[in-house]
Amino acid sequence: PMVRSTKSLGDQLAAEFSLETPENVSYVDATKRTRWPDVVAAGTWNPGGKYLDHLRLAVLGRDLRADGDTGSTESAFGWALNGSGKLLLPFIGEKDNFRFALNYGAGYGAQLADGPADAVFDSTNSELKTIGVASAQVGLQHWWSDTWRSNLTFGHLRADNPNVVEGDQLKQTSYAGINVIWTPYDNLRLGLEYLWGRLENEDGDSGTANRFLASAKFSY
């Protein structure tokens, strides 16, 4: 559930404010309890320029609350800053573009795909400690022709775990992908993609994975 208000501040600016469900949380050694909704405020600038399509800034505030294994209920404040945008690349191709997103904060890992937990319960001090997270995602889209295009993407996430976490908790991940998509007709799209990922835990254990994906979409 979410309640959101969007306000236009002119032809190029827009502001958003929302209250969102606090249920999407993840804790280590604790049982979640919810109290206040997550609060998000954001602003988007759409200059409509030759090289800059848009820039967006957002801030997140969260009330984290959980029951620890000592029987006590503890709270912590989670927060995050986000910046994202889309740049146009007409000097490479008419429809080519570059997109990016940067995130930084603590206690918001469950909001990210394959992110760490939001917080860990410290039994020694009966304290709920947030987990810091920094992440970045970039993507380059190139059109080979009117019907052929490719996307090259990369993402990296790193968790700043408190010293009370165990070694099997996530420390960092990297993810990359490249694809080619063919649209021979307006109602038919065919694609082939390669994906690579690497995960490393706090104790240094790591692993990699590879995937090939083929897709087809027909609209009528």
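In this tour, Ala, Val, Leu, Ile, Met, Phe, Trp, Tyr, Cys and Pro count as nonpolar, Asp, Glu, Lys and Arg count as charged, and the others, Gly among them, count as polar. The model on display is predicted.

**First stop: the second largest pocket**

Please select Ala58, Leu60, Asn82, Asn103 and Gln111, which lie nearest the centre of the second largest pocket. The lining of this pocket comprises 18 residues, and these divide into 11 nonpolar, 4 polar and 3 charged. The pocket has a volume of about 350 Å³. Next, colour strand S5 (38-45), strand S6 (52-68), strand S7 (73-88) and strand S8 (97-106); each of them supplies at least two residues of the lining.

**Second stop: the largest pocket**

Now select Ala113, Asp114, Thr173, Ser174 and Tyr175, which lie nearest the centre of the largest pocket. About 470 Å³ of space lies there. In total, 25 residues line the largest pocket, and they divide into 11 nonpolar, 11 polar and 3 charged.

Most residues other than glycine have a negative phi. Keep aspartate 114 selected: its phi is near 60 degrees, a positive value in a residue other than glycine. Aspartate 114 is placed in the loop between S8 and strand S9 (119-122). Is aspartate 114 buried or exposed? Its relative accessible area is 61%, so aspartate 114 counts as exposed, the cut-off being over 50%.

Move on to serine 126, in the loop between S9 and strand S10 (127-130). Serine 126 also is not a glycine, yet has a positive phi of about 50 degrees. With a relative accessible area of 26%, serine 126 is partly exposed.

**Last stop: glutamate 16**

Finally, select glutamate 16 in strand S2 (residues 13-20). Glutamate 16 counts as partly exposed because its relative accessibility is 21%, and buried would require under 20%. Which residues does glutamate 16 touch, not counting those up to four places away in sequence? They are Arg4, Ser5, Thr6, Val40, Ala41, Ala42 and Arg56. Display the side chain of arginine 56, with which the side chain of glutamate 16 makes a polar contact (3.3 Å). To end the tour, draw a line from the C-alpha atom of glutamate 16 to that of valine 164: the two residues are 148 residues apart along the chain, and these atoms are separated by 37 Å.

How values were computed: Residues are numbered from 1 along each chain as its sequence is written. This is a predicted model: local features need pLDDT of at least 70, side-chain atom pairs count only at pLDDT 80 or more; totals for chains, interfaces and linings use all residues. Side-chain values use heavy atoms; hydrogens and water are left out. On a 1 Å grid over the protein atoms alone, a cavity is a set of points where a 1.4 Å probe fits but cannot get out, and a pocket is an open set with protein on both sides within 12 Å along at least five of seven lines; lining residues have an atom within 4 Å of a point. Grid points are joined across faces, edges and corners, and a volume is the space filled by probe spheres set on the points. Helices (H or I, at least four residues) and strands (E, at least two) are DSSP runs, numbered from the N terminus. Buried means under 20% relative accessible area, exposed over 50%, partly exposed in between (1.4 Å probe, protein chains only). Contact means heavy atoms within 4.5 Å. A polar contact is a pair of N or O atoms within 3.5 Å; within protein, one must be able to donate a hydrogen and the other to accept it, and residues adjacent in sequence count only if both atoms are side-chain atoms.
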